Amino acid sequence: MSIQLRRTDLRGNVPSTSQLRRVLPRGGTDVDSVIPQVAPVVDAVRERGAAAALDYGETFDGVRPEAIQVPQSIIDAAVDALPAAEITALEEAIRRVRAFHATQVPQDHDVEIAPGGVVSERWIPIQRVGLYVPGGKAVYPSSVIMNVVPAQEAGVQSLVVSSPPQDTGWPHTTVLAACKLLGVDEVWAVGGAQAVALMAYGDEDLEPVDIITGPGNIFVTAAKRLVRSVVGIDSEAGPTEIAILADKTADPVEVAYDLISQAEHDPMAASVLITDSTDLADAVEKEIAARYEQTLNADRVAEALNGQQSGIVMVDDMEAGRRVADAYAAEHLEVHTANAQRDAAGITNAGAIFVGRYSPVPLGDYAAGSNHVLPTSGTARHSSGLSTHTFLKSVHVVNYTKDALREISETVITLSQAERLPAHGEAIKARFEEH
């Protein structure tokens with residue numbers, strides 16, 4: 001299959017943000033289109049619990065595990081089944097991801113608003129979390145690490161990892177090994193929409209969770225949408241995407257490989273090059289054509305790169321390129337320019353920014369220390385990736401003395417009357433009247 005990256009030529013124009021949102025390559029998924037298929041699954045699991053989840057898993061995946069919860073002996077044995085090199089790699093990735101996420105824990109603090117009037121902010125871990133790890137076109141022990149480590153660093157005491165059963169009847173051995181290395185002792189052999197529903201509603205012997213995080217396909221995303229009034233969710237993740245901001249100094253072979261590496265995730269993955277150099281654009285296309293067939297997932301790469309979600313955007317200069325990158329708000333943004341530090345500092349919207357030729361996205365996918373669960377489909381304009389903060393909630397604690405309340409009472413009473421909620425003011429007056 002030949003590859004022809006679509007070109008969007010913005011040279012000679014200064015398009016507005018509104019115009020950019022209309023012309024930039026963008027794919028995305030129509031989650032609403034699968035809601036009619038997913039809603040019955042969620043409803044059935046809500047009504048029948050694990051039995052319904054097992055039934056749907058057998059229907060969709062052709063596998064029915066002996067039980068939802070993976071026996072501890074199976075989890076323990078997974079580590080022994082892996083080559084030593086893989087264990088070492090997982091341990092190093094865990095170390096690096098933990099080192100970064102441990103620094104994200106915010107501190108409780110007190111503020112004396114007035115004499116005797118103190119407001120405190122407490123950061124409290126979410127009580128129980130559900131971490132979804134997909135298992136379709138690839139194996140994702142890295143997603144185990146990216147979900148579990150920040151939850152642990154936040155202080156979460158109860159967590160469950162849910163991942164689809166494979167031919168063995170249990171989640172993939174590498175996924176189970178990652179769980180073992182992280183000290184996770186509760187793993188469910190269930191995937192897809194039924195996994196999301198089961199984590200949300202639980203069963204007699206399966207405790208439901210309070211928030212569900214982790215990436216998944218469109219059916220997982222639809223299920224997260226349907227249960228988000230019952231539990232929290234991290235995001236409605238779409239297909240993965242990379243944008244590369246590059247000038248004539250970039251290496252076309254490296255840029256080509258980075259575009260290919262994201263495209264191999266999914267036929268709907270987006271790979272976008274933003275450049276002011278026609279020579280670089282031509283060279284990258286040539287290198288992609290020469291190299292993509294070498295990958296194990298060549299057909300998937302070709303479909304993704306030929307899709308409407310991928311392409312090359314031509315701009316006048318790097319200032320225009322930064323504006324385009326901000327409007328696109330990529331999940332992953334690489335910066336390959338003569339002054340990569342400066343250009344990266346000028347970017348506002350991206351899930352994660354990878355600066356220079358020695359900080360490629362695959363590094364972040366596994367072992368940079370950053371998290372790879374990131375906002376997609378332009379949501380990096382307003383959302384952040386998974387972090388320790390995801391698993392913490394902020395509680396404000398108000399502690400006023402009688403004198404402090406008296407001092408502010410007229411303000412509260414006046415405002416309650418202005419809002420025509422006089423009982424609010426009466427509740428204040430009652431503290432200072434005989435009754």
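Predicted model: local features only at pLDDT ≥ 70, side-chain atom pairs only at ≥ 80, totals over all residues.
User: How many helices and strands does the protein chain have?
Analyst: Helices (H or I, at least four residues) and strands (E, at least two) are DSSP runs, numbered from the N terminus. On that basis, the protein chain comes to 17 helices and 14 strands.

User: What share of the residues in the protein chain is buried?
Analyst: Buried means under 20% relative accessible area, exposed over 50%, and partly exposed in between (1.4 Å probe, protein chains only). The protein chain has 435 residues, and the buried share is 49%.

User: Among contacts between residues at least 6 apart in sequence, what percentage joins residues at least 24 apart?
Analyst: Contact here means heavy atoms within 4.5 Å. Counting contacts in the protein chain between residues at least 6 apart, the part joining residues at least 24 apart is 75%.

User: Let's look at strand 11. Which residues sit on its two faces, and are they buried or exposed?
Analyst: In a regular strand the side chains alternate between the two faces of the sheet. Strand 11 covers residues 311–314, with G311 and V313 on one side and I312 and M314 on the other. Both faces are covered, and the four residues are all buried.

User: Which residue stands opposite I312 in strand 11?
Analyst: Two strands pair if DSSP finds at least two bridges between them. Strand 1 (residues 7–9) runs parallel to strand 11 with three bridges, and D9 there stands opposite M314. Strand 10 (residues 270–275) also runs parallel to strand 11, joined by four bridges. The residue opposite I312 is L273.

User: Which backbone atoms does the side chain of S310 reach?
Analyst: S310 is in the loop between helix 12 (298–306) and strand 11, and it counts as buried because its relative accessibility is 1%. A polar contact is a pair of N or O atoms within 3.5 Å; within protein, one must be able to donate a hydrogen and the other to accept it, and residues adjacent in sequence count only if both atoms are side-chain atoms. The S310 side chain reaches the backbone nitrogen of S271 at 3.0 Å, and at 2.9 Å the backbone oxygen of A304.

User: Which side chain does the side chain of H101 join in a polar contact?
Analyst: H101 belongs to helix 5 (residues 84–101), and it's buried because its relative accessibility is 0%. Leaving out residues up to four places away in sequence, H101 touches several others, including V149, E153, L386 and T388. At 3.2 Å, the polar partner of H101 is N371.

User: Which residue has a side-chain oxygen reaching the backbone nitrogen of F219 at the start of helix 9?
Analyst: Helix 9 (residues 218–227) has buried residues including V220, A223 and V227. Among the elements covering the buried residues of helix 9 are helix 2 (35–48), strand 4 and helix 8 (192–201). The reach to the F219 nitrogen is within 3.0 Å, and the residue is N217.

User: How far apart in space are P134 and H265?
Analyst: P134 is in the loop between strand 4 (128–132) and helix 6 (141–154), and it counts as buried because its relative accessible area is 14%. Beyond its neighbours within four places in sequence, P134 is in contact with Y140, S163, P164 and P215. P134 and H265 are 131 residues apart in sequence, and C-alpha to C-alpha they are apart by 12 Å.

User: A329 isn't a glycine but has a positive phi. Is A329 buried or exposed, and at what relative accessibility?
Analyst: A329 has a phi of about 55 degrees and lies in the loop between helix 13 (318–328) and strand 12 (332–336). A329 counts as buried because its relative accessibility is 0%.

User: And R420, buried or exposed, with what relative accessible area?
Analyst: R420 has a positive phi of about 60 degrees although it is not a glycine, and its place is in the loop between helix 16 (402–418) and helix 17 (422–429). R420 is exposed because its relative accessible area is 74%.

Terms used
Residues numbered from 1 in each chain as written. Heavy atoms only, no water.
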